[in-house]
Amino acid sequence: METAAVLSGILPTSPICPSRHSSTFLQLPFANLNSSSLLSLTLQKQSPFASQYALRAASPLRPYALLLDAQSATTDIADLDWDSIGFGIHPTDYMYVMKCNKDGSFSKGELQRWGNIEMSPSAGVLNYGQGLFEGLKAYRKQDGNILLFRPEENAMRMKIGAERMCMPSPTMEQFVEAVKATVIANKRWIPPSGRGSLYIRPLLMGTGAVLGLAPAPEYTFLIYVSPVGNYFREGLAPINLIVEDKLHRATPGGTGGVKTIGNYAAVLWAQSAAKKKGYSDVLYLDCVHNKYLEEVSSSNIFVVKGNVISTPAIGGTILPGVTRKSIIDVARSRGFQVEERLVSVDELFDADEVFCTGTAVVVSPVGSITYQGKRVTYREGGVGVVSQQLYSVVTKLQMGLIEDTNNWTLELR
C-alpha cells in the first residue's frame, strides 16, 4: 500500500478499520510520536491522504492512533458557502481532549472525532461554574499556509484565569501544541484567504464529580473549532450600542478580569433586551461610581479624540483582551497617543469616534451610542478613519499580507 510505504520505518501498521464515513482508515499506533512529528507527517505530500492525518484514541486508556480518511482527504477545502457562513457553529472533523491527572498535571492529549462529551451530573463546571474558555483564530494565507495570531497570549491568559478559579491549567507549550494539532486536523475547514477564519475555542472545565462547594477532583482541556465570518451581521459597518446603567458585568474583587464562563451568562439578559430594541450590543459601566466605561458584552472599548486613543485601564473588572493589547501596540507604532485610564461615560459625547476590539470582531466601529435616552452618532454613522486604519493593519497581519515585525504570527505549513 502506498501510504504504508510512505510511513515505513516510522510506524508499524495495524489492521484496516472502517470510519464513520464508511471509507477506509489505516490505523497506526504512535505512542512515541510528538506533536512536531505529527505536524511534519500531516504535511507530507507523498500520499493522497497526507493532508488528512489526524490523531484519535478510542478511549483514554488506548494509545494514540493515526487515521487516514481516504474520502475526506480528496477535498482540500470544505464545500461551504463561505460568503454567508456568519458567526455560528459548523461541526468540523476533530476536537482535542486532554485530561488532568490527580497530581495536577495534564497527560498527553488526543484528537477525537467531533462529537458530544460525557460528564457526571455533579461535575464542577455544571454545578459551580468552574470553567474557563479562550478564543483565537487561524487564517489561510494566499499561498495556502496557515497563520495563528499570538496563541501564547491566550495560553498565558488561561493560566492566569485558572489560578483565579482554583484550577490546574495546561502549560503554555501544551496549549500551543494542542491548538496547532487541532487546526492541522481541521485544515479543510479554514476559509479561503480573505473570506473568513477558523475560530478556535479552547475550554478548561472541572469535569470531576463534586457535591459540596469545592474545586473539582478532575479537569478536562478541550479544543473545538468552527469556520466563521463576521461576528456582527453588520460586518465592518458601524454597530449601535446602548449604555447599561442598571446592571453590571463585573465587580471589584470578582472574576471580571478572567475569561470564566459565568461572566458571559451574566450579560445575556441585558444583551437580549438591547437587541430587541434594535441595538447591536451593550456597553457596561463600573459598579462603584456607575460612570466609567468598562467593556461591551464580549469586547473592549476605545474612544478616539484627535490623536489620542483612550481605553479603560485593566484593573480586575475588565478582560485583558489579546486584540486590545495588539491594537494598543499597533496604534502607538503609528504615532497615536494611547491612554489606559478611567474613561467617563460623558467623554462619549465629545469623541471623534469609538470602536470595539475582540478576537471575534477584531475591530468593530461604533456608529452610535445611546445613554439615558440621549444618542450620539459618530462620523454620520460611517466607519471612522482610525477604526479603519487599525482594522486594516491588524487583519493584514493576521492574514500574512504585511510583514510581521513583532513576531506575533505562527505559521503552519
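Let me begin with lysine 259, which counts as buried at 11% relative accessibility; buried here means under 20% relative accessible area, exposed means over 50%, and partly exposed lies in between, with a 1.4 Å probe and protein chains only. This is a predicted model, in which local features need pLDDT of at least 70 and side-chain atom pairs count only at pLDDT 80 or more, while totals for chains, interfaces and linings use all residues. Residues are numbered from 1 along each chain as its sequence is written, and side-chain values use heavy atoms, with hydrogens and water left out.

Where does lysine 259 lie? The residue sits in the loop between β13 and α6 (261–265). Helices (H or I, at least four residues) and strands (E, at least two) are DSSP runs, numbered from the N terminus. Leaving aside residues up to four places away in sequence, lysine 259 touches Leu132, Phe133, Glu134, Gly135, Arg157, Tyr264 and Leu319; contact means heavy atoms within 4.5 Å. In UniProt, an unreviewed entry lists Lys259 under "modified residue: N6-(pyridoxal phosphate)lysine". UniProt positions are given in the numbering used here, feature names are shortened, and such annotations may be inferred rather than shown by experiment.

I turn next to strand β20, residues 362–371. This strand is mostly covered, with 10 of its 10 residues buried. Which strands pair with it? Two strands pair if DSSP finds at least two bridges between them. Strand β13 (residues 239–244) runs parallel to β20, and four bridges join the two. Within that pairing, leucine 241 stands opposite isoleucine 369 of β20.

β19 is joined to β20 by five bridges, and these two strands run antiparallel. A hairpin of three residues connects β19 to β20, and glycine 358 has valine 362 in β20 as its bridge partner. β20 is also antiparallel to strand β21 (residues 374–377), again with four bridges. Here tyrosine 371 has lysine 374 in β21 as its bridge partner. The hairpin formed by β20 and β21 has two residues between the strands, and glutamine 372 in the turn has a positive phi of about 50 degrees.

My last topic is the charged side chains. How many salt bridges are there? A salt bridge is a side-chain nitrogen of Lys or Arg within 4 Å of a carboxyl oxygen of Asp or Glu, and by this rule the count comes to 18. One of these features is a network that links Lys141, Asp143 and Glu411.

Aspartate 352 and lysine 305 meet in a salt bridge at 3.8 Å, N to O. This pair links distant parts of the chain, 47 residues apart: aspartate 352 belongs to the loop between β18 (337–341) and β19 (353–358), and lysine 305 to strand β16 (residues 300–305). Aspartate 352 is partly exposed, at a relative accessible area of 30%, and lysine 305 is partly exposed at 42%.

Glutamate 340 and arginine 332 form another salt bridge, at 3.9 Å, N to O. Glutamate 340 has a relative accessible area of 37% and is partly exposed; arginine 332, at 42%, is partly exposed.

Finally, aspartate 245 forms a salt bridge with lysine 246, with the closest N and O atoms 3.4 Å apart.
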